[in-house]
Structure formats: C-alpha cells, structure tokens
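Colleague: Before we go through the aromatic and nonpolar parts of this predicted model, I would like each label to be set against its cut-off.

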Amino acid sequence: MRRKRMRSAKVTLGLTALMAASLTGCASEKQPDYAAICVDPQTQTRADDENCTDEREYHGSGAGFFWFYMATRGGGFVPPIGGSYNAGAGTYTVPRTGSPTVKRGGLDKGGGDIGTITRGGFGKAGKGSSGG
C-alpha cells in the first residue's frame, strides 16, 4: 500500500512541475521589436488607436491616420494621445529587415517609456503580429 502512495506523489509532483514550466513560458514571452502608435502625420500628433483601422503606410502625402513604428529598445518615449511625437524616432512603414515582431496599438494612452511594452503573457491579450 505504501508503494501506491509514493507513486501517486511522484505523478502529482511531476504534473505540478510541468504546469509551472508551461505557465512560466507564457508569462515571459519575448518583447516585440517594434510598437506602433496611431498618428496624424499632418499635425504630427498621436491619435487614439481606433482611428487606425488598417495597416496603410504613409509615404509623405495623403490625409488620414497611420501607424508609426518605434523600436522598443533604446529608451524611446511615446507621447500621450493628442501629444506631439518626434517623426525622427521611428518610421511610417513596417521595418522589413529580418523578421521583426510588431505590436500595433495598445500602448499607454497617457504616454511613457516604450521599453516597457510586453506582448502576450498570462492573462493578457496580445495584438502582436509579424511584419513582412
């Protein structure tokens, strides 16, 4: 009878370790390479993400709202909605080098450090996608 109990404890411990490892893997998903804010390039101000309904790229002409891609590494900051952004701090086209990961929208509406972006994780909804 003692054997059954020990075998049961080993199975329980094994399953617990497996579950803990899988949850840890979800929570530590890699930070995206680029994050995008919705902008009005005519006024160079940040707009609400809902204004960027597609993935059109801005090429210096035309009106409307477009995604502005910023690297998540390097200490950049995003402005609050309605605030001015530095057009030299990013690009209006999806970076095409390699296969970068891109997160469109979902950044703090009050602005802040772009290096704090996370994608996915336990209990979060990710909007990340691959550029290319």
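Colleague: Are F68 and Y85 buried or exposed?

Modeller: Buried means under 20% relative accessible area, exposed over 50%, and partly exposed in between, with a 1.4 Å probe and protein chains only; F68 is buried, and Y85 is buried as well. This is a predicted model, in which local features need pLDDT of at least 70 and side-chain atom pairs count only at pLDDT 80 or more, while totals for chains, interfaces and linings use all residues. Residues are numbered from 1 along each chain as its sequence is written, and side-chain values use heavy atoms, with hydrogens and water left out.

Colleague: Why is the pair of F68 and Y85 called tilted?

Modeller: Rings of Phe, Tyr and Trp (its six-membered ring) pair if their centres lie within 6.5 Å, and planes under 30 degrees apart count as stacked, over 60 as edge-to-face and the rest as tilted. The centres of F68 and Y85 are 4.8 Å apart and their planes stand at 50°, so the pair is tilted.

Colleague: What makes this pair a tie between parts of the chain?

Modeller: F68 belongs to strand 3 and Y85 to the loop between strand 4 (77-78) and strand 5, so the pair ties together parts 17 residues apart in sequence; strands are DSSP runs of E of at least two residues, numbered from the N terminus.

Colleague: Which residues form the aromatic cluster?

Modeller: Y58, F66, F68, Y85 and Y92 form one cluster.

Colleague: What makes strand 1 and strand 3 a pair, and in which sense do they run?

Modeller: Two strands pair if DSSP finds at least two bridges between them; strand 1 and strand 3 have 6 bridges, in the antiparallel sense, and I37 has F68 as its bridge partner in strand 3. Strand 1 also pairs with strand 5, in the parallel sense over 3 bridges, where Y34 is partnered by V102.

Colleague: Which residues touch the most other members of the largest nonpolar core?

Modeller: A nonpolar core is a set of buried Ala, Val, Leu, Ile, Met, Phe, Trp, Tyr and Cys residues joined through side-chain atoms within 4.5 Å; in the largest, of 13 residues, they are I37 and F68. Strand 1 (34-40) and strand 3 (66-71) are the elements that give two or more residues to this core. Apart from it lies another core, of 8 residues, including C38 and V94.

Conventions: Helix = DSSP H or I, 4+ residues; strand = E, 2+ residues; numbered from the N terminus.
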